[in-house]
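User: I am new to reading structures. Can we go through this one, term by term?

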Amino acid sequence: MSSSERPLDPSTLVVACARPAKERDAPLNPPIVLSSTFVGAAAPIQGERVYGRYTNPSWEPLEEAIAELEGSSAPGLAYASGMAAVSAALSLVPIGGTLVAPVSAYNGTLALARSLAEQGALTLRTVDPADTEATLEALPGADVLWLESPTNPLMEVAELRVLLAAARQHDVLSVVDNTFCTPLRQRPLELGADVVVHSATKFISGHSDVLMGLAVCADPAVRANLAARRTLAGSVPGPFEAWLALRGLRTLALRMDRAEASAATLAERLSVDPFVKALRYPGLPSDPGHARAAAQMSGFGALLCIQVGNDAHAAEAFVDALRLITPATSLGGVESLAERRRRHPGEPDVVPENLVRLSIGIEHPEDLWADLHGALRAAELAAGASVD
Ligand SMILES: *Cc1c(COP(=O)(O)O)cnc(C)c1O
């Protein structure tokens with residue numbers, strides 16, 4: 001990079017970052033290091049690898065890559081899953097402290113926060129993150145502000161710059177779950193966040209074949225705290241999984257461009273379908289979150305949610321009638337997935353019964369449209385038949 005003034009585009013960085021030094025006979029890709037321990041000396045330990053629960057050379061390129069992409073000078077931290085990273089970031093709430101979190105967000109995060117609140121470990125204040133005033137009012141006296149934007153699965157957009165700046169003013173540590181956007185579409189540290197977490201299981205790995213979590217911290221002291229806790233909690237990834245996540249990251253820009261373009265096309269068509277009663281996609285100019293999303297995201301992503309017909313039955317009939325798109329939880333893979341979120345007993349009841357989350361993959365958009373359109377007509381027919 002030193003030879004040019006211009007910083008590399010993120011779509012180049014995902015390909016070029018975190019490679020072994022270009023020396024004769026060096027491997028192009030970082031090797032997978034299968035070793036639980038590392039040779040040491042009798043002298044006191046000083047920044048050595050020591051043991052496989054402290055670090056592993058196979059995590060380091062991925063940790064370097066996510067830091068570079070999120071714009072942090074300190075390396076990221078890799079975890080065994082997105083929830084391991086979420087759990088680590090939630091542990092930044094001191095015992096007896098207060099967490100401000102969205103009323104609807106990734107349900108694993110909320111379930112963990114609620115269980116910590118039930119144990120008396122923290123006080124949970126839930127807010128509608130799209131309601132800036134209400135979120136600001138919840139900040140005084142809090143310890144950590146947790147945000148997702150857009151939220152999973154309601155696709156609500158939070159006013160990140162305003163909320164993150166206010167958190168800083170109130171000495172509230174802020175965490176943004178950036179799984180939906182990836183650093184290619186939103187960079188929360190630049191918008192004022194202290195910590196970014198990812199389920200790298202999703203877009204970053206991109207092939208629905210690995211569980212992996214990542215955290216990136218602006219402040220080296222927060223990073224050191226999380227690194228020490230990771231070693232003690234043992235929430236560490238395997239070397240092969242870290243290698244797979246980095247391999248997935250290499251194509252993130254291409255996958256995201258394709259999936260996002262298809263999501264935009266499908267959102268437009270779905271928004272005028274008579275059996276789609278509501279739709280949220282921040283890329284639609286008519287979406288309530290559009291202006292905010294345009295101000296803080298560099299693209300609108302590949303997720304959308306629709307409300308199908310009038311009830312859970314209509315949404316179930318729709319999902320069951322899909323032929324190409326797979327009915328499954330998760331998101332961000334090359335293959336499109338659909339899920340009626342309320343099938344999970346723990347999903348908050350602010351999520352409508354007939355809401356289906358669509359994760360658009362990289363298939364041809366016309367094949368996806370044919371599948372969606374066909375399944376909507378089948379569900380519409382079934383709903384009509386049950387009325388008669
Ligand atoms: C999936 C997901 C998680 C949890 O990640 P796992 O890798 O499944 O543990 C956290 N946050 C969001 C937004 C997610 O979609």
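User: How much space lies in the second largest pocket?

Analyst: About 220 Å³. This is a predicted model: local features need pLDDT of at least 70, side-chain atom pairs need 80 or more, and totals for chains, interfaces and linings use all residues. Residues are numbered from 1 along each chain as its sequence is written, and side-chain values use heavy atoms, without hydrogens or water. A volume is the space filled by probe spheres set on grid points, which are joined across faces, edges and corners.

User: What makes a space a pocket?

Analyst: A 1 Å grid is laid over the protein atoms alone. A pocket is an open set of points with protein on both sides within 12 Å along at least five of seven lines; a cavity is a set where a 1.4 Å probe fits but cannot get out. Lining residues have an atom within 4 Å of a point. The second largest pocket has 12 of them, and the closest to its centre are Leu8, Ala16, Cys17, Ala18 and Lys22.

User: Which elements give two or more residues to that lining?

Analyst: α1 (10–16) and α2 (60–70). Helices (H or I, at least four residues) and strands (E, at least two) are DSSP runs, numbered from the N terminus.

User: What is the lining of the second largest pocket made of, by class?

Analyst: Eight nonpolar, no polar and four charged residues. Ala, Val, Leu, Ile, Met, Phe, Trp, Tyr, Cys and Pro count as nonpolar, Asp, Glu, Lys and Arg as charged, and the others, Gly among them, as polar.

User: Where does the ligand sit?

Analyst: The ligand takes the space of the largest pocket. A molecule sits in a pocket if more than half of its atoms lie within 2 Å of its grid points. About 330 Å³ of space lies in this pocket. Of its 24 lining residues, Met83, Tyr106, Asn152, Ser199 and Lys202 are the closest to the centre.

User: Why is the bond between Ser149 and Pro150 worth a remark?

Analyst: Ser149 and Pro150 are joined by a cis peptide bond, with omega about -10°. Most peptide bonds are trans. Asn152 and Pro153 are also joined by a cis bond, with omega about 0°. Pro150 lies in the loop between β4 (144–148) and α6 (160–169), and Pro153 lies in the loop between β4 and α6.
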